[in-house]
Amino acid sequence: MNYRIPVFTDDPGWHGKRLKEAFAAQGREAVFISLKDCFLDLVHGRPGVVIPGFEQNLPDGVFVRGVPGGTLQQVIARLDILHALKMLGVTVYNDGPAVERTVDKAMTSFLLHHHGVSTPSTWVCESRAHAQSVILRETMAGRALVIKPLFGSQGQGVRRLDIESPFPVPMEAHVDGLYYLQSYIDSGEGEWHDHRVFIINGRAVGAMIRHGSSWVNNVAQGGRCEFIPADGDIAELALAAAKAVDIDYCGVDIIRDRGGRLYVLEVNSIPAWKGLQGVVDLDIAAALVGDFLSKIRPRCDSMAAAV
Ligand SMILES: Nc1ncnc2c1ncn2[C@@H]1O[C@H](COP(=O)(O)OP(=O)(O)O)[C@@H](O)[C@H]1O
Ligand SMILES: [Mg+2]
């Protein structure tokens with residue numbers, strides 16, 4: 001058995017430190033590695049994936065804390081590494097397919113819709129004319145829309161469209177040639193808030209309300225965290241969302257409209273948990289590491305190496 005576990009990240013920071021401690025408490029050493037430094041080496045007789053520091057023996061598992069952005073080719077090659085590792089029997093947490101399904105807001109929205117999980121009406125299209133007709137129809141009917149970048153995070157680039165908003169042009173950063181439009185859910189003008197529920201292995205382990213200083217409630221945008229119990233209708237909906245995208249662990253964003261109805265906004269496969277950790281007792285890094293290690297199965301070649 002290899003006691004070292006790669007944590008894929010380009011920026012270990014607070015989360016890296018917490019993971020390192022949690023792995024150490026389990027007798028494992030977390031090693032921070034960038035997915036940019038991994039590569040394929042498809043020579044006969046070799047496994048094909050090279051992780052720096054693990055050339056002789058692939059690890060039993062890898063913890064994915066970040067997939068760096070880049071060109072389309074680079075991002076696909078980084079995801080290829082995750083897919084290939086899984087095929088080689090390495091436990092990938094969260095695995096490549098789950099990261100792919102959730103880093104792409106359109107696929108997440110489709111899966112939520114497909115599995116009957118409550119989520120706001122959403123439209124995704126390349127056609128400027130079609131986007132314009134959706135925006136006109138919805139805003140004329142008094143329903144505001146939100147436009148988001150497909151691969152966005154931390155509330156960056158989300159914008160609200162009302163009847164008087166200028167039409168977003170295709171070159172703008174939050175469009176980038178693709179319109180992801182969603183019905184705006186009003187959580188209370190001036191009292192904006194949404195919920196973050198943390199799911200590990202089919203269990204809601206922590207939850208909070210995020211009170212935003214604008215309608216964008218992300219902690220990274222100054223959202224203030226308040227503890228709520230991880231149970232009831234919010235937890236149930238978050239669990240259904242995690243199931244719909246089929247993922248080991250995730251952070252689910254949920255918003256409640258003024259009428260009390262809940263909607264899933266998105267599912268995060270590489271969620272930050274610093275804000276949540278500030279309001280819950282559970283050691284989230286320890287819970288993640290515990291679940292990850294419980295999913296590790298000894299790999300054939302490492303067993304062969306051991307005998
Ligand atoms: N349809 C919506 N209605 C109302 N608020 C929204 C909607 N979509 C997003 N928001 C607000 O914007 C924030 C960021 O959107 P989200 O979809 O979670 O993307 P990100 O990946 O940037 O966190 C949410 O936490 C919420 O406060
Ligand atoms: Mg979010």
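How far apart do the C-alpha centres of domain 2 and domain 3 lie?

Modeller: The C-alpha centres of domain 2 and domain 3 lie 21 Å apart. This is a predicted model, in which local features need pLDDT of at least 70 and side-chain atom pairs count only at pLDDT 80 or more, while totals for chains, interfaces and linings use all residues. Residues are numbered from 1 along each chain as its sequence is written, and chains are lettered from A and ligands numbered from 1 in the order in which they are written.

The protein chain is divided into domain 1 (4-94 + 290-306), domain 2 (102-118 + 188-269) and domain 3 (122-183); these bounds come from an automatic or database domain assignment. Between domain 2 and domain 3, 10 residues of the former are in contact with 10 residues of the latter, contact being counted when C-beta atoms, placed from the backbone, lie within 7 Å. On the side of domain 2 that touches domain 3, helix H4 (residues 105-114) gives the most, with three residues. Helices (H or I, at least four residues) and strands (E, at least two) are DSSP runs, numbered from the N terminus. By class, this side of domain 2 has five nonpolar, three polar and two charged residues. Here Ala, Val, Leu, Ile, Met, Phe, Trp, Tyr, Cys and Pro count as nonpolar, Asp, Glu, Lys and Arg as charged, and the others, Gly among them, as polar.

Elsewhere in the chain, helix H2 (residues 72-87) and helix H3 (residues 96-103) pack at an angle of about 145°, with their axes 8 Å apart; axes are lines fitted to C-alpha atoms over the stretch in contact, and angles run from 0 to 180 degrees between N-to-C directions. Leu79, Leu82, His83 and Lys86 in H2 meet Gly96, Val99 and Glu100 in H3. That contact has three nonpolar, two polar and two charged residues.

Methods: Two residues are in contact if their C-beta atoms, placed from the backbone, lie within 7 Å.
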